[in-house]
Amino acid sequence: MIIKILVLSSIILNLVLFFLLNKKKIKKYLHKNNIKEEDITKLHQSFELNEISKNLKGPKKEALVKSFSISSDNTIVGMTSEYEAWILSTLSKTSKNIFEFGTCSGKTTYLMALNSSEDTKITSLTLDPRNINKLERGNLDNKVSHRNIVNESIYEKFLFSGTDVEKKIDVIFENSLEFEHFAYKSKIDLIFIDGGHTYSVVKNDTEKSFEMIKPNGIILWHDYVPGKKSSKDIVKYLNKISKERKIYHIKNSSMCFFQNI
Ligand SMILES: C[S@@+](CC[C@H](N)C(=O)[O-])C[C@H]1O[C@@H](n2cnc3c(N)ncnc32)[C@H](O)[C@@H]1O
């Protein structure tokens, strides 16, 4: 009997250990991507590689960008990775009309302003921290994502406030669910969807974006991370619409990509 108990406990212990050591892989497997993964070099010509020598390839000048980093002591909520920031900055270089859902600290807005041409117009839509207590959670909305919206809606001034590029940027403090997008219909070259991560908000922002995007324009979504709680609604919604729209998951990032061609 004791031997049986020992064998059983050892099996359980091994299973627990195996799960803990392979947690990420198991989660990824269980939440299999429905969206095709593609390397950024295959998605847009600005990222195609320049052959330097037989065994070395590098970025073309189209992919050289102005950038900055946020130090680890400077706690800013809701940010993109360096790689994602580079993709967004590169695409901004060839975009005259940019729209962003979700300003937060303004890190991505600032990068897009730094890298776009002088005459580019950037509109960034975000919740007013003073009205955040009026926010309601929809029936289909994930609790964690709803809580994150509240935690990320804290800035009234942004990283670009007081800088030379501020003149390119219009921040609109409004709930995107109430936002009238008709004035922007077919006018936007680049849209970055990084507002609320709840189902109702992602669906709303995406549907409006498909109407706002110009022919050839690009839509990027942030935080497509299968298996991550706060991304649950984004993954669910994007997986669903990717059956009708040619959306790609950019390899080694949490971004999804769509070009209106
Ligand atoms: C993840 S942060 C954006 C991060 C930013 N793009 C960056 O990387 O620097 C999310 C932002 O979306 C805004 N947001 C959330 N739900 C929204 C809604 N329904 N309408 C407008 N803005 C919303 C929040 O106020 C917050 O500023």
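1. Let us start with a definition: helices (H or I, at least four residues) and strands (E, at least two) are DSSP runs, numbered from the N terminus. By that rule the protein has 8 helices and 10 strands.

2. A word on what you are looking at. This is a predicted model, in which local features need pLDDT of at least 70, side-chain atom pairs count only at pLDDT 80 or more, and totals for chains, interfaces and linings use all residues. Residues are numbered from 1 along each chain as its sequence is written.

3. Now the overall picture. The C-alpha trace spans about 80 × 60 × 45 Å along its principal axes. Of the 261 residues, 38% count as buried; a residue is buried if 20 or more other C-beta atoms lie within 10 Å of its own, exposed if 12 or fewer, and partly exposed in between, with C-beta atoms placed from the backbone. Two residues are in contact if their C-beta atoms, placed from the backbone, lie within 7 Å. Among contacts between residues at least 6 apart in sequence, 73% join residues at least 24 apart.

4. Next, find the sheet. Two strands pair if DSSP finds at least two bridges between them. Here 8 strands form an open sheet in the order 1-9-10-8-7-4-5-6, and the pairing is mixed. Strand 1 (36-38) and strand 6 stand at the edges with a single partner strand each, so one side of each has no neighbour in the sheet. From one strand to the next, the twist averages 25 degrees.

5. With strand 7 it pairs in the parallel sense over 5 bridges. Leu-190 stands opposite Ile-218 in strand 8, and Ile-193 stands opposite Trp-221 in strand 8. With strand 10 (residues 256-259), strand 8 pairs in the antiparallel sense over 4 bridges; there Ile-219 stands opposite Phe-258.

6. Is helix 4 (residues 82-92) largely enclosed or open? It is largely enclosed by the rest of the structure, because 9 of its 11 residues are buried. Among them are Trp-86, Ile-87, Leu-88 and Leu-91. The buried residues pack against several elements, including helix 3 (40-43), helix 5 (107-115) and strand 4 (97-101). Helix 4 lies across strand 4, strand 7, strand 8 and strand 9, and runs at about 165 degrees to strand 7. Helix 5 also packs on the sheet, touching strand 4, strand 5, strand 6 and strand 7, and its direction makes about 175 degrees with that of strand 5. For these angles, axes are lines fitted to C-alpha atoms, for helices over the stretch in contact, and angles run from 0 to 180 degrees between N-to-C directions.

7. Which residues are closest to the ligand? They are Gly-78, Gly-102, Cys-104, Lys-107 and Gly-196, out of 22 that surround it; a residue is near a molecule if its C-beta atom, placed from the backbone, lies within 6 Å of it. Helix 5, strand 5 (121-126) and helix 6 (143-152) are the elements that give two or more residues to this shell. The shell divides into 7 nonpolar, 12 polar and 3 charged residues. Here Ala, Val, Leu, Ile, Met, Phe, Trp, Tyr, Cys and Pro count as nonpolar, Asp, Glu, Lys and Arg as charged, and the others, Gly among them, as polar.

8. Have a look at His-181, found in the loop between strand 6 (169-173) and strand 7. His-181 is partly exposed because 18 other C-beta atoms lie within 10 Å. Leaving aside neighbours within four places in sequence, His-181 is in contact with Lys-208, Glu-211 and Met-212. His-181 and Met-212 are 31 residues apart in sequence and 7.2 Å apart in space, C-alpha to C-alpha.

9. Finally, two backbone angles. Most residues other than glycine have a negative phi. Asn-216 has a positive phi, near 75 degrees, and lies in strand 8. Asn-216 counts as exposed because it has 9 C-beta neighbours inside 10 Å. Asp-223 also has a positive phi, near 70 degrees, but it counts as buried because it has 23 C-beta neighbours inside 10 Å.
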